[in-house]
Amino acid sequence: MAVTIAMANQKGGVGKTTSTIEFASILTKLGKKVLTIDLDQQCNLTKNAEADRSAPTIFDLFSRDDVDIEKAIQKVSAGYYIIAGSPEMSKADKIFDDPTAVYLLDDLLDALSEDYDYFLIDNAPARNIPLNMSYIAADYFIMCADSGEDSLDGIDAIVSDMMKFHKSGKRSLSDAKILGIVVSRFRQTNIGNAVIEIIQDKVENDIPDILKPIEPPFIMTVREAAAVDEAKMVHKPVETYKRSSNAAIDYRRIVDEIVRRLEEE
Ligand SMILES: Nc1ncnc2c1ncn2[C@@H]1O[C@H](COP(=O)(O)OP(=O)(O)OP(=O)(O)O)[C@@H](O)[C@H]1O
Ligand SMILES: [Mg+2]
C-alpha cells in the first residue's frame, strides 16, 4: 500500500514543487516507486518533469469518466511517475463544488495504491478545493515554509483546515497527520534562526496532538543553493544536476528521515 504525502502552504514560492521533485527523485534512487500528482494550475511540476502535455491530466481524470488512467500516468526522465497538471485546474473550485467531489483524489489514488510505494501531491499556493481533496487523500502533510511571515501564517491555516477535515470532526474523513515542516532556501542568519524558533513553538504549542504522528513533526532546513535554480533551467532535479550542492545534501537528509519515520509508524 502506497503512503500518500501532500506538500502544502498557501504562500507561493516556498519550495513545495522543488521538494516534490527532489523527494520523488531521491526516493526513486532508493528503489521506491513514486507517483507524483500535480494539482497546481501553474503546472510547474509537470513542466519541470517535461511530461507529455497532450496526455490526459488530473483535470481530465477528475472531470470525465472515459479517461484511461494508464494513459494519464507518465514515467519521467528522473525515473518517477507523474499525473500531469492542467491550467484548467484554475476552474476547480467552480467545477468540483459538489460535496462528493472532495473524494475524487482519494478514490483515484486508492485504486492505484497497490502499484506504488509513495504518492506525492504538489499543491497550488491556495486554500482551494484541490487542497481539500488532499486532506482526504493524504496520510501525511509536509508543510513548506521560508523566512517570510506569510509562510508562517500559512502553517496555521493548514493546521486549522486539517482540524476541520479531521475524522473526529463533523466534516469528513481525514486522518492525515503532519509529518514535518521543510524550511526552504534556509540561511543561517539571525532571521533564519528566529524562524526556526517560531516554527518550533508552533509545533509544540499550536499543532494539536491529533495531527501529530508518533514522533512530533520534524523541522528540517534546505540551504539556499544557486544549483536549485540552475537545475530548474535544465529541467532536472538538483539531485542529478549537482548532487554535491548543499540543497541536494539537505534533501537527501530529509528523505532519509521521512523513510525512517514511516518505517516506525
Ligand atoms: N533551497 C533552495 N535554494 C535556492 N532556491 C530555491 C531553493 N528551494 C527553492 N528554490 C527556488 O525558489 C523558487 C520557488 O520554489 P518552488 O517553485 O519550489 O515553490 P512553490 O512553493 O512550489 O511555489 P508555488 O507556490 O508558486 O507553487 C524556485 O525558483 C526555486 O527554484
Ligand atoms: Mg509549486
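Start with the second largest pocket: select Thr4, Asp106, Asp110, Ala137 and Asp139, which lie nearest its centre among 15 lining residues. A pocket here comes from a 1 Å grid over the protein atoms alone, as an open set of points with protein on both sides within 12 Å along at least five of seven lines; a lining residue has an atom within 4 Å of a point. This is a predicted model, where local features need pLDDT of at least 70 and side-chain atom pairs count only at pLDDT 80 or more, while totals for chains, interfaces and linings use all residues. Numbering runs from 1 along each chain as its sequence is written, chains are lettered from A and ligands numbered from 1 in the order in which they are written, and side-chain values use heavy atoms, with hydrogens and water left out.

Still in the second largest pocket, colour helix H6 (104–112) and helix H7 (129–137), the elements giving two or more residues to its lining. Helices are DSSP runs of H or I with at least four residues, strands are E runs of at least two, and both are numbered from the N terminus. H6 gives the most, with 3 residues. The space here is about 190 Å³, a volume being what is filled by probe spheres set on grid points joined across faces, edges and corners. By class, the lining has 8 nonpolar, 2 polar and 5 charged residues. Ala, Val, Leu, Ile, Met, Phe, Trp, Tyr, Cys and Pro count as nonpolar, Asp, Glu, Lys and Arg as charged, and the others, Gly among them, as polar.

Next, jump to the largest pocket, with a volume of about 560 Å³. Pick Gly13, Gly15, Thr18, Arg185 and Lys232, the closest to its centre of the 27 residues that line it. Elements supplying two or more lining residues are H1, helix H2 (44–48), strand S7 (177–186), S8, H10 and helix H12 (246–264). H10 gives the most, with 4 residues. The lining divides into 8 nonpolar, 11 polar and 8 charged residues.

Now show ligand 1, which sits in the largest pocket; that label requires more than half of its atoms to lie within 2 Å of the pocket's grid points. Helix H1 (16–29), strand S8 (218–223) and helix H10 (226–233) each give two or more residues to the shell around ligand 1. Of the 19 residues around the ligand, Gly13, Lys16, Thr17, Thr18 and Asp229 come nearest, where being near takes a heavy atom within 4 Å.

A backbone N or O atom of Arg223 is 3.0 Å from a nitrogen of ligand 1. Taken alone, ligand 1 exposes 630 Å², and the protein buries 86% of that, by Shrake-Rupley with a 1.4 Å probe.

Last stop: the structure holds 1 cavity of 30 Å³ or more. A cavity is a set of points where a 1.4 Å probe fits but cannot get out. Select its lining, including Thr18, Ile21, Glu22, Asn48, Val228 and Pro237. H1 and H10 each supply at least two of the lining residues.

Methods
Polar contact = N/O pair within 3.5 Å; in protein donor to acceptor, adjacent residues only side chain to side chain.
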